[in-house]
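Please examine the sequence and the structure before reading on.

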Amino acid sequence: VFEVKDGLFKEFSNKASIDPDNPYFFIIDEINRGNLSKIFGELLMLIESDKRETYSVKLPYSGEDFTIPKNLYIIGTMNTADRSLSLVDYALRRRFSFITLKPAYNTNKFNNYMIEELKYSKEELAQINQTMEELNNLIKNNLSDNFEIGHSCFITKDRSDNFAEFMNEIYKYEILPLVEEYFFDDEILVESIKNKMNIYE
């Protein structure tokens, strides 16, 4: 027997609707990689600010009327270097506001978090900041700032006590493959970047 069950978004919407005094944030990571017409369907209309709690759609399986509460905020993340961005159609784009997040190397917030929470030394942090700022400037000047490399690979407590070994693994297995893809037709540039990162076998 087929049993109709609420999906995650409907459950979350129902939770938000009974608590109207508090904001609820529904986060869809890498939203552009999904089949957006299947994800949203007729909900594309309902997520517009002037349609909230005013318009409803009848859900195809349960037959229930469904509306989206005003205190529910949908956040979709996207990587601007991802070629699948071209699949995000204008019907979706015009229903969202866009905020660009840049790598935060050598900012107070990043530095404090790395030292206080992740226990990097000031010398280790200075090395990360200098190398990655130089690398990102090179990427920006040769491609665009959409291809700059973020700091997620360094945000970990699970790392080797040997900092040089840890950095070599990050550079060699996480950052270098990206660089080689970015500059696949410029071996000299890739080699100079490898030297800058001091990668060893």
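Which residues of strand 1 (residues 24–28) lie on the covered face, and which on the uncovered one? The covered face holds Y24, F26 and I28, whereas F25 and I27 lie on the uncovered face. The model is predicted: local features need pLDDT of at least 70 and side-chain atom pairs pLDDT 80 or more, while totals for chains, interfaces and linings use all residues. Residues are numbered from 1 along each chain as its sequence is written, and side-chain values use heavy atoms, without hydrogens and water.

Strands (E, at least two residues) and helices (H or I, at least four) are DSSP runs numbered from the N terminus. Strand 1 pairs with strand 4 (residues 72–76) in the parallel sense over 5 bridges; pairing requires at least two DSSP bridges. Within strand 1, F25 stands opposite Y73 in strand 4.

F25, I27, Y73 and I75 form a nonpolar surface patch with about 410 Å² of accessible area together. Strand 1 and strand 4 each give two or more residues to this nonpolar patch. A negative patch is formed by D185, D186, E187 and E191. Patch residues have over 30% relative accessible area and no salt bridge; like charges are joined within 9 Å, nonpolar side chains (Val, Leu, Ile, Met, Phe, Trp, Tyr) within 5 Å. A salt bridge is a Lys or Arg side-chain nitrogen within 4 Å of an Asp or Glu carboxyl oxygen. Areas come from the Shrake-Rupley method with a 1.4 Å probe, and for residues only the protein chains shown count as cover.

| Residue | Place | Relative accessible area |

Partly exposed means between buried (under 20%) and exposed (over 50%).

Key. Lys and Arg count as positive and Asp and Glu as negative; His and the chain ends are not counted. The place of a charge is taken as NZ of Lys, CZ of Arg, CG of Asp or CD of Glu. Buried means under 20% relative accessible area, exposed over 50%, partly exposed in between (1.4 Å probe, protein chains only).
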